[in-house]
Amino acid sequence: MSQIILEQLQQIERCLKQAQCWQLNSPSAQALASTQPFCIDSLSFTQWLQFVLLPKMYHLIENDLPLPKVVAISPYAEEALKHESFDVGELLVVLKSFDASFSNEWV
């Protein structure tokens with residue numbers, strides 16, 4: 001399962017780069033320390049993907065740590081991305097597949 005998750009993380013990264021949402025500079029430590037879901041009070045959704053989700057998931061996989069049992073990112077993604085200027089279709093498909101990987105409900 002880790003290999004599938006790793007490939008999906010790489011797809012998320014590619015989608016962000018293709019949409020020109022990839023940032024070279026990290027948000028402040030204070031912004032990253034948010035305790036709100038998806039750091040909604042301090043980061044955009046794409047920043048949260050890049051600077052919170054991806055590093056955490058890569059860390060879990062690289063260190064052979066337990067992965068979450070349930071992931072439900074896509075419902076929030078649909079809401080957070082609905083006013084974006086880039087085509088969010090592929091990113092939403094990848095995120096739905098990512099969510100499904102944790103429940104074994106392959107999309």
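**Close-up views of a predicted model**

Figure 1. Tyr-76 is partly exposed, with a relative accessible area of 23%. The model shown here and in the other views is predicted. Phe-45, by contrast, is buried, at a relative accessible area of 6%. The ring centres of Phe-45 and Tyr-76 lie 5.5 Å apart and their planes meet at 70 degrees, so this pair is edge-to-face. The pair joins distant parts of the chain. Phe-45 belongs to helix H3, Tyr-76 to helix H4 (residues 74–80), and 31 residues separate them. Ring pairs tie Phe-38, Phe-45, Trp-48 and Tyr-76 into a cluster.

Figure 2. Across the whole structure, a search finds six aromatic pairs. Phe-45 and Trp-48 form one that is stacked, with 5.9 Å from centre to centre and 20 degrees between the planes. Both residues sit in helix H3, three residues apart, or about one turn of the helix. An α-helix has 3.6 residues a turn, so residues three or four places apart point the same way. Trp-48 is buried, with a relative accessible area of 10%.

**Figure 3. The course of helix H3.** H3 runs over residues 45–62, a total of 18 residues. From first C-alpha to last it reaches 24 Å, close to the 26 Å expected at 1.5 Å a residue. The helix bends by about 30 degrees at Leu-53. A proline, Pro-55, follows within four residues. H3 is mostly covered, with 14 of its 18 residues buried. Just after the helix, Asp-64 adopts a positive phi of about 50 degrees.

Figure 4. Gln-50 is another residue of helix H3. Is its side of the story buried or exposed? Gln-50 is buried, at a relative accessible area of 7%. A polar atom of the Gln-50 side chain lies 2.7 Å from the backbone oxygen of Gln-23. Leaving aside residues up to four places away in sequence, Gln-50 touches Leu-16, Cys-21, Trp-22, Gln-23 and Pro-55.

Figure 5. How many disulfides does the structure hold? The count is zero. For Cys-15, the closest cysteine sulfur is that of Cys-21, 10 Å away, which is too far for a bond. Cys-21 is likewise in no disulfide, and its nearest cysteine sulfur is that of Cys-15, at 10 Å. A disulfide needs its two sulfur atoms within 2.5 Å. Cys-15 is buried, with a relative accessible area of 6%. Cys-21 counts as buried too, at 14% relative accessibility. Cys-21 is among the residues that Gln-50 touches.

**Figure 6. Gln-8 against Ser-101.** Gln-8 has its place in helix H1 (residues 2–18). Its relative accessibility is 4%, so Gln-8 counts as buried; the cut-off is under 20%. Which side chain makes a polar contact with that of Gln-8? The partner is the side chain of Ser-101, at 2.8 Å. Residues up to four places away in sequence aside, Gln-8 touches Val-94, Ser-97, Phe-98 and Ser-101.

Technical notes:
Residues numbered from 1 in each chain as written. Predicted model: local features only at pLDDT ≥ 70, side-chain atom pairs only at ≥ 80, totals over all residues. Heavy atoms only, no water. Helix = DSSP H or I, 4+ residues; strand = E, 2+ residues; numbered from the N terminus. Buried < 20%, exposed > 50% of the residue type's maximum accessible area, 1.4 Å probe, protein only. Polar contact = N/O pair within 3.5 Å; in protein donor to acceptor, adjacent residues only side chain to side chain. Contact = heavy atoms within 4.5 Å. Expected span 1.5 Å × (residues − 1). Bend = angle between axes of the 7 residues up to and from the residue. Phe/Tyr/Trp six-rings, centres within 6.5 Å; stacked < 30°, edge-to-face > 60°.
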